[in-house]
Amino acid sequence: MCLYQFLIAVRSEGAQLTSADGETTSHLMGMFYRTIRLVDNGVKPLYVFDGKPPNLKGGELAKRAERREEAQKALEAAEEAGNAEDVDRFNRRLVKVTTTHAAEAKQLLTLMGIPYITAPCEAEAQCAELVKSGKIYATATEDMDALTFGSNILLRRLTFSEARKMPVQEIHLDKVLAEMELNKDEFIDLCIMLGCDYTGSIKGIGPKRAVELIKTHRCLEKILENIDTKKYSVPEDWNYKEARELFRNPEITKAEEVDFKWGEPDEEGLVKFMCGDKQFAEDRIRNGCKKLMKAKGASTQGRLDSFFKIIPSTTPSKRKADDKKGPAKRGRGAGGSKFRGKPK
């Protein structure tokens, strides 16, 4: 996800973003500086790379390929018409992370002393396993499947650009389940109804109706027995059971078998890798490396709320009650906390 962000967001700053042979290097620049920023704020990151996609994801991957083909045609039309705005828009849709991008990012992280692992299958599932085991604090991603796979704590917007000034959102799965009055299996069925990468969804059922149905019938089997299939179109040979099983028992490496540690950056190795053919300025790489070493030696990892201002998050109904109590009596809502402002 990070690599896609960098490849899409950084596109036109000259030689700094391409190697001597014209290959894009924005993913390396983004990974280098974002990681330094995280470490500088006391966060100890562990990057998790996707492994092979599960068989059930074939349909979603085919849809993505179809959308890329449509974007390619639209790009050609925009170029012919001389529409620069559309050219840029469709170019972004054609960005793809390759095995080379991933391999270079892994090499960079190794030289920075930052650990990474490659999941046997879906990265979100592996992250959830590590969070549940207590080996890591939270999963930082924009992919809500991390919750469906059982990640106890999800951090959204942690990897947003600092320029966007978006507050980091911390979501606790146990609080979500308690607030919605669902158990984990019911939550998984709800997520499948709302749409996931592994199967189709029932046409005509939106989020509000999906929540009503799961609270009334408690599982997809009962829902299918009770909905009007003429009004709501159920996919033919709907493989929701397979999708449910994938969320319950994904292919992962058990937490006790995962070993990682944070090491010291290799300054000369970084200069050799990032400069030369990659064409990054040596002084910038050395300065970044020194900042990384200083941050690593400054302190151990703390909680996120030591770096960000906490904004209590409440549900609408509770917020009204809290307003009557006054600010001194307000507590944290079911959605956890939000963090706003620049890191200290």
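**Helix contacts in the predicted model**

Glu 186, Asp 189, Leu 190, Met 193 and Leu 194 of helix 9 are in contact with Pro 207, Ala 210, Val 211 and Ile 214 of helix 10. Sorted by class, the residues of this contact comprise 7 nonpolar and 2 charged, with no polar residue. The coordinates come from a predicted model.

The geometry of this pair can be described next. Helix 9 covers residues 184–194 and helix 10 covers residues 207–217; their axes lie 10 Å apart, and the packing angle is about 150°. Angles over 145 degrees count as roughly antiparallel, and helix 9 and helix 10 are therefore roughly antiparallel to each other. The crossing of helix 9 past helix 10 is right-handed.

Is Arg 218 buried, exposed or partly exposed? Its relative accessible area is 32%. Buried means under 20% and exposed means over 50%, so Arg 218 is classed as partly exposed. When neighbours within four places in sequence are left aside, the contacts of Arg 218 are Glu 181, Leu 182, Glu 186 and Leu 213. Glu 186 also belongs to the residues of helix 9 that meet helix 10. Asp 189, another residue of that contact, is 29 residues from Arg 218 in sequence, and the C-alpha to C-alpha distance between Arg 218 and Asp 189 is 8.5 Å.

Helix 5 (residues 99–112) and helix 13 (residues 267–274) have axes that come within 8 Å and cross at roughly 155°. By the criterion of over 145 degrees, helix 5 and helix 13 are therefore also roughly antiparallel to each other. On the side of helix 5, the contact involves Glu 104, Gln 107, Leu 108, Leu 111 and Met 112, which meet Gly 269, Leu 270, Phe 273 and Met 274 in helix 13. The contact of helix 5 with helix 13 is made up of 6 nonpolar, 2 polar and 1 charged residues.

The cysteines remain to be considered. How many disulfides are counted in the model? With a disulfide taken as a pair of cysteine sulfur atoms within 2.5 Å, the count is 0. Cys 2 has a relative accessible area of 14% and is therefore buried. Cys 289, with a relative accessible area of 1%, is likewise buried.

Terms used. Residues numbered from 1 in each chain as written. Predicted model: local features only at pLDDT ≥ 70, side-chain atom pairs only at ≥ 80, totals over all residues. Heavy atoms only, no water. Buried < 20%, exposed > 50% of the residue type's maximum accessible area, 1.4 Å probe, protein only. Axes fitted to C-alpha atoms, helices over the stretch in contact; angles between N-to-C directions. Helix = DSSP H or I, 4+ residues; strand = E, 2+ residues; numbered from the N terminus. Parallel < 35°, antiparallel > 145°, perpendicular 65-115°, else oblique. Left-handed = near helix turned anticlockwise from the far one by under 90°. Contact = heavy atoms within 4.5 Å. Nonpolar A, V, L, I, M, F, W, Y, C, P; charged D, E, K, R; others polar.
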